[in-house]
Amino acid sequence: MNRARSLNHLLAPCMASILLTMNLSAFAQDPHAPTPKAGASRVAAPNSMESLRGRWIRPDGGYGLVIRNVGTDGQLEAMYFNPKPLPFAKAQATRDGPTLRVFLELQAGGYNGSTYELTYDPGADRLKGVYFQAVAKQRYDVHFERPKP
């Protein structure tokens with residue numbers, strides 16, 4: 001019995017990662033998503049809001065974030081994965097001098113106003129900051145990185 005529990009404990013995170021990857025891929029490859037112009041590079045300047053576009057994984061729990069589009073006003077077209085997709089109530093990017101900031105708010109799926117306040121680190125190509133878990137009223141230092149190919 002203990003061996004079965006240990007095996008389940010090891011397999012659960014692996015299965016969650018597989019499901020998350022499948023969901024992220026499906027969202028990121030949505031046929032309705034805007035496509036880059038022919039010959040356009042997908043690499044944005046480090047201080048460009050376009051740097052935020054793409055798939056992101058929070059390695060401490062396998063949570064995912066896909067930013068499909070960044071509006072001229074900083075409005076983000078984004079989705080959260082845990083591992084199922086959840087919409088953001090608010091998804092906004094702002095510029096504070098050379099710093100890109102991202103604010104994300106979740107209301108769906110029992111998150112009840114949980115937020116991410118993140119800063120883009122162009123050197124590490126990472127989003128880092130604080131996750132506020134509204135139900136537990138706790139803050140956690142977190143980061144998101146791009147998935148390895």
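How many aromatic pairs does the count come to? The count comes to 8 aromatic pairs, where rings of Phe, Tyr and Trp (its six-membered ring) pair if their centres lie within 6.5 Å. The model is predicted, with local features needing pLDDT of at least 70, side-chain atom pairs counting only at pLDDT 80 or more, and totals for chains, interfaces and linings using all residues. Residues are numbered from 1 along each chain as its sequence is written, and side-chain values use heavy atoms, with hydrogens and water left out.

A pair of aromatic rings is described by the distance of the centres and the angle of the planes. Planes under 30 degrees apart count as stacked, over 60 as edge-to-face and the rest as tilted. Tyr 80 and Tyr 111 pair edge-to-face, at 5.7 Å centre to centre and 90° between the planes. This pair links distant parts of the chain. Tyr 80 lies in strand β3 and Tyr 111 in the loop between β6 and β7, 31 residues apart. Strands (E, at least two residues) are DSSP runs, numbered from the N terminus. Tyr 80 is buried at 1% relative accessibility, and Tyr 111 is buried at 9%. Buried means under 20% relative accessible area, exposed over 50%, partly exposed in between (1.4 Å probe, protein chains only).

Tyr 131 and Tyr 140 are stacked, at 6.4 Å centre to centre and 25° between the planes. Tyr 131 is buried at 6%, whereas Tyr 140 is partly exposed at 36%.

The charged end of Arg 58 sits over the ring of Tyr 131, 5.4 Å from its centre. The criterion is NZ of Lys or CZ of Arg within 6 Å of the ring centre and within 35 degrees of the ring normal. Arg 58 is buried at 8%. Its side chain also meets Asp 60 in a salt bridge (2.7 Å, N to O). Asp 60 is exposed at 54%.

The count of salt bridges (a side-chain nitrogen of Lys or Arg within 4 Å of a carboxyl oxygen of Asp or Glu) comes to 8. Lys 148, exposed at 66%, bridges to Glu 145 at 3.6 Å. Shared partners join Arg 126, Glu 145 and Lys 148 into one network.

The largest nonpolar core has 25 residues. Such a core is a set of buried Ala, Val, Leu, Ile, Met, Phe, Trp, Tyr and Cys residues joined through side-chain atoms within 4.5 Å. Leu 52, Leu 65, Leu 76, Leu 104 and Leu 127 touch the most other members. Strand β6 gives the most, with 4 residues.
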